[in-house]
Amino acid sequence: MKNIIVIKCGGSMIDTLSDDFFIGIKKMQETGFYPVIVHGGGPAINDLLKDLQIQSEFVNGLRKTTHEIMEVVEMVLSGTITNKLVRKFQKHGISSIGITGSDGGLMYAKPKDLETLGLVGEITRVNQKFLTDLLSIGMVPVISPIAIGLNHEDYYNINADTVAGEIAVALNAEKVIFVTDVPGVLKDNEIIEKTTESEILGFIDDGTISGGMIPKVMAAIHSLNSGMKEAMIVSGHKPLLDGVQIKGTTIKKELEAVK
Ligand SMILES: Nc1ncnc2c1ncn2[C@@H]1O[C@H](COP(=O)(O)OP(=O)(O)O)[C@@H](O)[C@H]1O
Ligand SMILES: CC(=O)N[C@@H](CCC(=O)OP(=O)(O)O)C(=O)O
């Protein structure tokens, strides 16, 4: 299937997504594109863990996930957040369906590093036909980043940026758009409108890109290396589309970018 656009909505702005964001998604559908949503929810997980007085720590940007934490992660991501987003899509007249890794065998995973990270997963398989079947009946899939274990009992917490990159690769998507709380990749408070893989790696090295921006650009690079044309990082507080243009940072492979 052509014209698939994977859009990752960060937990940093799910509660404050503008109406224009949803209008933009509808416009995409009307112009022949097929949006697929992957959502995060890190801040909401932090809030519930705090209320429950459960300590959690991050190792290289990934939440070390014990069994106790995993229950909270699933409750927040596949319960509260997926449903909140689906209601917003429905409110804007967009047919959407909330799904997680176990639905239709969407995403299988194995532990990334059981000893250090606990139940953080690494995706091993994506059921792309299940997604394209949903797209072919006009649905917008809203994906929670939890994958199922090969034994159909275990389940794993996966960074939502990583899931967006893997879903984009599995679907052979046109592009992946990371919607977050900043207008793009910033350097000295200015948006970098166009950049390339090697420049990005330099920005990570010199500290220009840090924290939550790292998994986004790394997922973007992974997708570009698997054949996708471009990845974008944009703000959820502004309209997604300016006419038919998307405003933010565009990341391309080296050679294409200098053309
Ligand atoms: N160079 C950069 N440009 C923009 N944001 C950056 C940069 N480096 C680090 N960041 C941080 O990345 C954050 C976005 O990541 P994150 O908080 O994980 O968002 P989300 O929940 O949308 O995934 C920004 O709010 C900002 O603090
Ligand atoms: C393994 C891991 O760190 N998983 C993330 C999943 C949610 C997420 O990625 O949310 P954002 O997009 O809002 O950051 C977590 O537990 O916070």
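Modeller: Two residues are in contact here if their C-beta atoms, placed from the backbone, lie within 7 Å. The model is predicted, and the helix I take is H8, residues 213–225. H8 has 13 residues and spans 18 Å from its first C-alpha to its last, close to the 18 Å expected at 1.5 Å a residue.

The buried residues of H8 are Met213, Pro215, Lys216, Val217, Ala219, Ala220, Ser223 and Leu224. An α-helix has 3.6 residues a turn, so residues three or four places apart point the same way. Among the buried positions, Lys216, Ala220 and Ser223 can be read with that in mind. The partners of the buried residues include two helices, H6 (160–171) and H7 (197–205). They also include the strands E11 (175–180), E15 (230–235) and E18 (249–252). After H8 comes Gly227, with a positive phi near 110°.

Gly212 is one of the residues that come nearest to ligand 1, along with Gly10, Ser12, Thr180 and Leu186. The shell around ligand 1 holds 16 residues, by class five nonpolar, 10 polar and one charged.

As for the whole, the protein has nine helices and 18 strands, and 43% of its 259 residues count as buried. Of the contacts with a separation of 6 or more, 74% join residues 24 or more positions apart.

Definitions and conventions: Residues numbered from 1 in each chain as written. Chains lettered and ligands numbered in written order. Predicted model: local features only at pLDDT ≥ 70, side-chain atom pairs only at ≥ 80, totals over all residues. Near = placed C-beta within 6 Å. Nonpolar A, V, L, I, M, F, W, Y, C, P; charged D, E, K, R; others polar. Helix = DSSP H or I, 4+ residues; strand = E, 2+ residues; numbered from the N terminus. Expected span 1.5 Å × (residues − 1). Buried ≥ 20, exposed ≤ 12 C-beta atoms within 10 Å, placed from the backbone.
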